[in-house]
Amino acid sequence: MSSSMHLAEDLYKKDVTSEPIRKGFGRGLLEAGKRNSNVVALCADLTESTQIHLFAKEFPERFIEVGIAEQNLATVGAGLAAMGKIPFISSYAAFSPGRNWEQIKTTACINQRPVKVIGSHAGLYTGPDGATHQMLEDIALMRALPNMAVIVPCDSVEAEKATLAMANHPQANYLRVARDSSPIVTTTHTPFEIGKAYVFAKGDDITLVATGTMTYQALMAAEMLFKDGIDAEVVHVPTIKPLDGVTLLHSVRKTKHVITIEEAQINGGLGSAVAELLGEHAPTPLLRMGIKDRFGESGQPAELLEHFGLTAKNIRLAAVHMLETNHK
Amino acid sequence: MVKKMSIKELEKKAYDVRIDIIKMLEHAGNGHSAGPLDLADMMTALYFDVLKHDPKKPDWDERDLFIMSNGHCAPVLYAVMAHAGYFDKKELMTLRRFGSRLQGHPERTSLPGLETTSGPLGEGLGQAAGMALAMKMDQQSHRWIYCMMGDGELNEGNIWESAMLVAKYKLSNVIGIVDRNNIQIDGTTEYVMPLEDLKGKWESFGWHVIEIDGHNIEAFIDACAMARAIVEKPVVIIAHTIPGKGVDYMEYDYHWHGIAVGIADVAGAPPKHDQAAVALRELRSLKGKITGDHE
Ligand SMILES: [Mg+2]
């Protein structure tokens with residue numbers, strides 16, 4: 001295991017500390033607001049659930065409630081950015097960017113305004129709300145946009161750092177955060193930079209490329225695989241666009257086997273991004289784990305991860321199978 | 001700064017702008033005709049009288065902001081900007097061509113003086129609102145933000161989301177202008193998606209409404225002054241216009257919403273190879289004789 005990454009000390013314990021990723025965003029935004037008076041926040045009637053209330057309470061004059069109107073959320077944000085503000089616009093990812101993608105494309109991306117889009121309640125951790133609210137297509141949608149960075153932190157600690165980095169980033173950005181508690185993987189000392197991928201566990205046999213909450217599952221899988229005698233490398237990809245091809249190719253050229261794991265549609269998501277990279281630069285046996293061209297459903301996050309085959313156990317089996325198949 | 005003109009001079013200038021629009025569209029071989037022609041009077045008034053701006057300093061931080069939410073009317077925006085001195089008039093003939101700064105729909109980053117990128121409808125008023133909110137935070141609300149919208153554009157829900165927000169935050173330095181020309185691509189507005197009672201709609205959204213003849217330059221300048229004087233509510237100017245204004249065979253005919261002169265034979269119009277020449281002859285002969293004929 002890599003020590004330079006300063007991962008959480010209790011990471012491999014059964015009672016690992018957990019917290020909703022969105023809480024890290026809320027703290028990061030409050031801190032960004034303290035550091036820079038141009039930071040403003042907008043919300044579409046979901047102030048507390050998107051954790052923007054911390055900022056709104058401290059800086060009421062810099063908080064704008066647009067009501068249940070996500071298209072306006074994006075256009076008003078672009079107008080604020082035009083005047084030198086750094087707008088963080090937040091709603092559920094299902095609605096922003098789910099509903100206002102074209103507004104984001106035109107008024108933030110083509111128009112080159114640094115609107116910061118926060119997609120809360122993304123992925124399966126939205127749980128009981130069901131398919132309509134479990135946004136699984138956001139990575140694909142946002143990855144297709146020029147002038148847009150796509151950031152998917154693995155825990156609340158990284159989300160806080162990502163939020164602060166976004167406030168200093170010149171372009172429009174998308175930050176994907178989840179509703180329910182998930183294990184805290186990193187610490188304040190773990191490095192984070194927009195556009196960088198990080199080797200969270202070193203190994204020579206297979207590369208597990210993970211993003212968001214799946215990075216924890218990949219690390220747990222690597223731990224199991226180690227006991228199986230398989231040395232898995234875990235590459236955490238908190239920025240899906242721009243993709244850190246250097247770090248990924250370095251790992252893949254060594255291990256020659258790749259599994260991508262994400263809590264999102266594999267079509268257009270991290271799996272696609274890695275497939276594109278490998279296809280052009282280092283064709284390598286690849287398995288994409290994630291949501292496979294279907295919608296979610298109601299349930300507790302743990303039940304859903306089990307149902308969709310996105311637990312450490314599933315990753316371990318997939319890795320063992322891949323190595324067996326390719327060594328026959 | 002732009003030299004102030006008399007109403008007579010502005011009216012003449014509007015016809016020069018129309019002539020350029022026809023030439024630009026003929027040269028480009030595609031683009032929208034009706035809206036740009038009917039906006040020529042108000043756009044001329046904006047850039048030569050109403051707006052506080054400086055073509056030599058497009059980033060001047062005391063300028064008023066003009067947003068063309070109905071981006072398909074770009075030809076008239078480019079034409080008045082060139083006449084005002086933002087760039088050389090010769091460049092007008094590059095409209096819609098590869099490598100041109102005059103993109104088919106206005107693209108902010110390609111041409112100094114544009115405040116937004118537009119084309120996809122319904123997005124200007126929200127950006128105007130965001131700009132006004134920022135000005136409020138920075139005690140800059142003495143600057144005015146004019147947002148031009150098409151009437152067909154008012155089909156878009158985003159417009160009404162923005163209308164509610166502008167009223168909620170009392171952003172009275174936002175002035176809306178609706179080009180009420182009664183047409184959109186598929187037909188008349190009342191056939192495609194009825195807008196009336198349009199005045200009542202805006203009023204019920206918390207706006208003060210001023211209705212004018214959009215070809216009466218003096219009335220438009222007065223309406224803008226009145227809009228700036230009303231501070232309790234945001235103001236929208238519903239400007240009644242004649243689509244294709246100035247070219248007889250285009251006037252009132254929705255077929256000219258989305259096409260340029262010279263590319264298709266249209267019932268009631270000259271054959272396509274003659275359309276531009278007929279339009280130009282008509283516009284030139286109307287010079288100086290148009291005062292008050294639509295009141
Ligand atoms: Mg119209």
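1. Charges of chain A. In this predicted model, chain A carries 31 positive and 36 negative side chains. The centres of these two sets lie 3 Å apart.

2. Overall form of chain A. Eleven helices and 14 strands make up the secondary structure elements counted in chain A. Its radius of gyration is 19 Å, close to the 20 Å that the globule rule gives for 328 residues, so chain A is as compact as a globular protein of that length. Taken along the principal axes, the box filled by the C-alpha atoms of chain A is roughly 65 × 40 × 40 Å.

3. Interior and surface of chain A. Of the 328 residues in chain A, 64% count as buried. When contacts between residues at least 6 apart in sequence are considered, 79% of those in chain A join residues at least 24 apart. The accessible surface of chain A amounts to about 12,100 Å², and carbon and sulfur atoms account for 52% of that area.

4. A cis peptide bond in chain A. Ser96(A) and Pro97(A) are joined by a cis peptide bond, with omega at about 20°. Pro97(A) belongs to the loop between β4 (86-92) and α4 (101-110) of chain A.

5. A backbone angle in chain A. Asn147(A) is a residue other than glycine, yet its phi is positive, near 60°. The residue is placed in the loop between α5 (138-143) and β6 (148-151) of chain A.

6. Overall form of chain B. Chain B contains nine helices and seven strands. With a radius of gyration of 18 Å, close to the 19 Å given by the globule rule for 295 residues, chain B is as compact as a globular protein of that length. The C-alpha trace of chain B spans about 55 × 45 × 35 Å along its principal axes.

7. In chain B, 62% of the 295 residues count as buried. Contacts between residues at least 6 apart in sequence join residues at least 24 apart in 74% of cases in this chain. Chain B exposes about 11,200 Å², with 53% supplied by carbon and sulfur atoms. It has 32 positive and 42 negative charges, whose mean positions are 6 Å apart.

8. The magnesium site. Which residues coordinate the magnesium ion? The donors are Asp151(B) through OD, Asn181(B) through OD1 and Ile183(B) through O, at 2.1 to 2.2 Å. Along the chain, the donors follow the spacing D-x29-N-x1-I. Asp151(B) lies in the loop between β2 (145-150) and α5 (157-168) of chain B, and Asn181(B) in the loop between β3 (174-180) and β4 (183-184), so the pair ties together parts that are 30 residues apart in sequence. Both Asp151(B) and Asn181(B) are buried.

9. A cis peptide bond in chain B. Glu196(B) and Asp197(B) are linked by a cis peptide bond, with omega at about 5°. Asp197(B) is located in the loop between α6 (189-192) and α7 (198-204) of chain B.

10. A backbone angle in chain B. Lys170(B) is not a glycine, but it has a positive phi of about 50°. This residue sits in the loop between α5 and β3 of chain B. Lys170(B) has a relative accessible area of 58% and is exposed.

11. The surroundings of His83(B). His83(B) is part of helix α3 (residues 74-84) of chain B. Its relative accessible area is 13%, and His83(B) is therefore buried. Leaving aside neighbours within four places in sequence, its contacts include Lys13(B), Asp16(B), Val17(B) and Asp20(B). Phe48(B) and Lys89(B) are also in contact with His83(B).

12. The surroundings of Gly122(B). Gly122(B) occupies the loop between α3 and α4 (124-137) of chain B. With a relative accessible area of 0%, Gly122(B) is buried. Which residues does Gly122(B) touch, not counting those up to four places away in sequence? They are Ser69(B), Glu153(B), Glu156(B), Asn158(B) and Ile159(B).

Definitions and conventions:
Residues numbered from 1 in each chain as written. Chains lettered and ligands numbered in written order. Predicted model: local features only at pLDDT ≥ 70, side-chain atom pairs only at ≥ 80, totals over all residues. Heavy atoms only, no water. Helix = DSSP H or I, 4+ residues; strand = E, 2+ residues; numbered from the N terminus. Rg over C-alpha atoms; globule rule 2.2 N^0.38 Å. Buried < 20%, exposed > 50% of the residue type's maximum accessible area, 1.4 Å probe, protein only. Contact = heavy atoms within 4.5 Å. Areas by Shrake-Rupley, 256 points an atom, 1.4 Å probe, with all protein chains shown as cover. Lys, Arg positive; Asp, Glu negative; His and termini not counted. Charge placed at Lys NZ, Arg CZ, Asp CG, Glu CD. Donors = N, O, S within 2.8 Å, 3.2 Å for Na, K, Ca; no water.
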